[in-house]
Amino acid sequence: MSERIPTVETFEPIHPKKVKAKSSDNLIHTRSFTGLFRTLRVGGAGLLFLAFFGTVWLNWGGRQAVLWDLAESKFHIFGATFWPQDFILLSALLIICAFGLFAITVFAGRVWCGYTCPQSSFTWLFMWCEKVTEGERNQRIKLQAAPWSLNKLARRSAKHTLWLGISVLTGLTFVGYFTPIRPLAAELLTWQMGGVSLFWVLFFTGATYINAGWLREAVCMHMCPYARFQSVMFDKDTLTISYDAARGEHRGPRKRDVQPAQVGLGDCIDCQLCVQVCPTGIDIRDGLQMECIGCAACIDACDSIMDKMGYARGLVSYTSEHQLQGGKTHLLRPRLIGYSAVLVVMIAALVVALIERPMVSLDVTKDRGMFRENSQGLIENIYSLKVINKTQQRQDYRLELVDAEGFQLQGKTQVSLAPGEIVDIPVSVALLADTPASSSQTIRFKVTDVDEPWIYTAADSRFVAPLNR
Ligand code: SF4
Ligand code: SF4
């Protein structure tokens, strides 16, 4: 922190008053700071940025390692390929993520918002660009108020160039997870990008630039649904960022060598540093607020003041309502244990489902015609069998009917498929008896890997026939 901490000689009357977080231009100009939680956040966000911007460039087995191939309806993630039939697993993964978010919110409040949410992470990155190009908080406030000059134009241009550069890179990277990134980047550099790709790159460029550059805390306050309902998940043991009013009040300035108790003061020196670092412009001393994204910037700021004043850290800290009321925080409590247990079961079920996922897929479509009589005088129905080889190797498959006494599969009964190949195989099923047991019966088709017979799948369809011929 480059700005001086206000410690003054006189003691003022102590009446907590609302602090105006925004400057006269009605913008939030955050002050920079250092501290443990900032280090954690920068480290965590750095890893996430590295994963987001870096993974898209990795290759695996001659193709992009992570690619949602929209044209082919396949999702590649390193050695595994997922098909539309597997998207139930994706739904399960999203449900697990949502449930994990609930559990972590019960435990430690809005840590997702403060440390990992893309909106917060990109906003911090954009704020850093602002600091690099326009200077510290006071310089930015002055620049904002100053008339246009060459200096202001140069600084503003530099800031927006950096913002736009990051935004274009983000848009390109995001689209690169759906369209191979290397040709996409080459097309962008040579101005030859197709209309659809260009639209989406521009869309995500604009979304990043506007959300992280201009809207910032407004997204958290007015657009994010999670901000609206997260507080109902809190209980009295949830760790939230709070100001210890019993210790801090009465707040007010004092000399560094004065004992607060002797002059009727608490530990808060009313320096307002906690407000100046807050990205949403609120005063944590006013209590838990919907606008608080749990970034812990105010903890770092206040701890640095406590160090300078020689007071114990933790005037603003992660704490629970129980602890603030003089009790103890119960980290292990039934609700949290219940959430964690359900989460473990759901993750285990997903892992089993992934391991057991059939590597061959079969879809059966019955021909629209009801039935017909073949050249041998047998009633037959026509079907189309769609078989997908989901493995990364060529496979031979056997097609058959199972539990279908009195029926005969006619047509191809063996097929060889290349990795990822999809085929539609027309087949017919004939009824061997003269009279069917009923006018509509279930029949089951099965496809089995010839070399690895434990790899198989089955699908049902209907066989219709006239009761009277
Ligand atoms: S009050 Fe503190 S934790 Fe909440 S958003 Fe502001 S700085 Fe972050
Ligand atoms: S809570 Fe801490 S940072 Fe905020 S005004 Fe009081 S002493 Fe300063």
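A polar contact is a pair of N or O atoms within 3.5 Å; within protein, one atom must be able to donate a hydrogen and the other to accept it, and residues adjacent in sequence count only if both atoms are side-chain atoms. The model is predicted, so local features need pLDDT of at least 70 and side-chain atom pairs count only at pLDDT 80 or more, while totals for chains, interfaces and linings use all residues. Residues are numbered from 1 along each chain as its sequence is written, chains are lettered from A and ligands numbered from 1 in the order in which they are written, and side-chain values use heavy atoms, with hydrogens and water left out.

**View 1. Thr-133 sits in helix α4.** Helices (H or I, at least four residues) and strands (E, at least two) are DSSP runs, numbered from the N terminus. A polar atom of the Thr-133 side chain lies 3.4 Å from the backbone oxygen of Glu-130. Thr-133 counts as buried because its relative accessibility is 9%; buried means under 20% relative accessible area, exposed over 50%, and partly exposed in between (1.4 Å probe, protein chains only). Leaving aside residues up to four places away in sequence, Thr-133 touches Arg-155, Ala-158, Lys-159 and Leu-162, where contact means heavy atoms within 4.5 Å.

**View 2. Glu-130 and Arg-216 meet in a salt bridge.** The term stands for a side-chain nitrogen of Lys or Arg within 4 Å of a carboxyl oxygen of Asp or Glu, and here the N to O distance is 3.2 Å. This pair links distant parts of the chain, 86 residues apart: Glu-130 is in helix α4, and Arg-216 is in the loop between α8 (195-215) and α9 (217-223). Both residues, Glu-130 and Arg-216, are buried.

**View 3. Arg-285 pairs with Asp-270 in a salt bridge.** Their side chains come to 2.7 Å, N to O. Arg-285 lies in the loop between α12 and α13 and Asp-270 in the loop between α11 and α12, so the pair ties together parts that are 15 residues apart in sequence. Arg-285 is buried, because its relative accessible area is 8%.

**View 4. Helix α13 spans residues 297-309.** Its 13 residues reach 19 Å from the first C-alpha to the last, close to the 18 Å expected at 1.5 Å a residue; the expected span is 1.5 Å times one less than the number of residues. Take a look at how covered this helix is: 11 of its 13 residues are buried, including Cys-298, Ile-299 and Met-309. The buried residues of α13 pack against α1 (36-55), α4 (118-134), β6 (240-243), α11 (245-248), α12 (273-276) and β7 (316-319). After the helix comes Gly-310, whose phi is positive, near 80 degrees.

**View 5. Asp-307 and Arg-313 form a salt bridge.** Their side chains meet at 2.6 Å, N to O. Asp-307 counts as partly exposed, because its relative accessibility is 40%.

**View 6. Thr-329 lies in the loop between α14 (321-324) and α15 (334-356).** Its side chain makes a polar contact of 2.7 Å with the side chain of Ser-320. Which residues does Thr-329 touch, not counting residues up to four places away in sequence? They are Asp-237, Leu-239, Ser-320 and Gln-323. Why is Thr-329 called buried? Because its relative accessible area is 18%.
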